[in-house]
Amino acid sequence: MVCSECGHSNAPDNRFCGKCGVPLAVECPDCKRQNEPGNAFCGGCGRPLTGPATQPAAAEAGTVPASATGERRQATVLFSDLSGFTAMTEQLDPEEVQGLMRRLKDRAVEIVEAHGGIVSQFVGDEVLALFGIPTAHEDDPRRAVRAAL
């Protein structure tokens, strides 16, 4: 099957393009009609194209990308900003600042991961951490506060 997005030739049983990850056409299990990705029902016979009757093995095995199935969940976001960073960079050599920031970032990752979160990104002196992704816990907000402290 040829991807409409990038033109890559995929194996007939591929549900997603092997090159760019775009969903490929969905074949109806009843009438074999090729339907556009995202269609909930077959345009030929009206049969549902999604749900437990058509995708159990792939969804349970984790082979369907999250972007294709979607998931709604609670997440706790922790944002931290280093106080006095600008003044510090004016007083120290760039190499010293870089070494200090590397140690601080490494320690931030250790602390966040020890509390069950993940560091999503660093921007300058800022840290953005997520709790509840990919694994949710009932006490994710409490974990984020403990990590912050």
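Helices and strands here are DSSP runs, a helix having at least four residues and a strand at least two, numbered from the N terminus. With that naming in hand, glycine 44 sits in the loop that links strand E2 (34–35) to helix H1 (56–61). The model is a predicted one. In this model, glycine 44 touches Cys31 and Arg33, once its neighbours within four places in sequence are set aside. Its C-alpha atom lies 8.8 Å from that of lysine 32, a residue twelve places away along the chain.

Further along comes the sheet. Three strands make up an open sheet in the order E3-E5-E4, and the pairing is antiparallel. Strand E3 (76–81) and strand E4 (117–123) are the edge strands; each has a single partner, so one side of each has no neighbour in the sheet. Going from one strand to the next, the twist averages 20°. As for the pairing of E3 with strand E5 (residues 126–131), the two run antiparallel and are joined by six bridges. Aspartate 81 faces glutamate 126 of E5 across this pairing.

Two helices go with these strands. Helix H5 (residues 140–148) packs on the sheet and touches E3 and E5, with its direction at about 15° to that of E3. Helix H4 (residues 94–114) lies across E4 and E5, and runs at about 155° to E4.

How is H5 buried? Asp140, Ala144 and Ala147 are the residues to look at, being buried in this helix. Viewed down the axis of H5, the buried residues fall within an arc of 65°, so they line one face of the helix. The cover over them includes E3, H4 and E5.

On to the nonpolar side chains. In soluble globular proteins, side chains of this kind tend to be buried together. The largest nonpolar core here is made of six residues, namely Leu78, Val112, Ala129, Phe131, Ala144 and Ala147. E5 and H5 are the elements that supply two or more residues to this core.

Technical notes: Residues numbered from 1 in each chain as written. Predicted model: local features only at pLDDT ≥ 70, side-chain atom pairs only at ≥ 80, totals over all residues. Heavy atoms only, no water. Pairing = 2+ DSSP bridges. Axes fitted to C-alpha atoms, helices over the stretch in contact; angles between N-to-C directions. Contact = heavy atoms within 4.5 Å. Core = buried A, V, L, I, M, F, W, Y, C linked by side-chain atoms within 4.5 Å. Buried < 20%, exposed > 50% of the residue type's maximum accessible area, 1.4 Å probe, protein only. Arc of directions from axis to C-beta.
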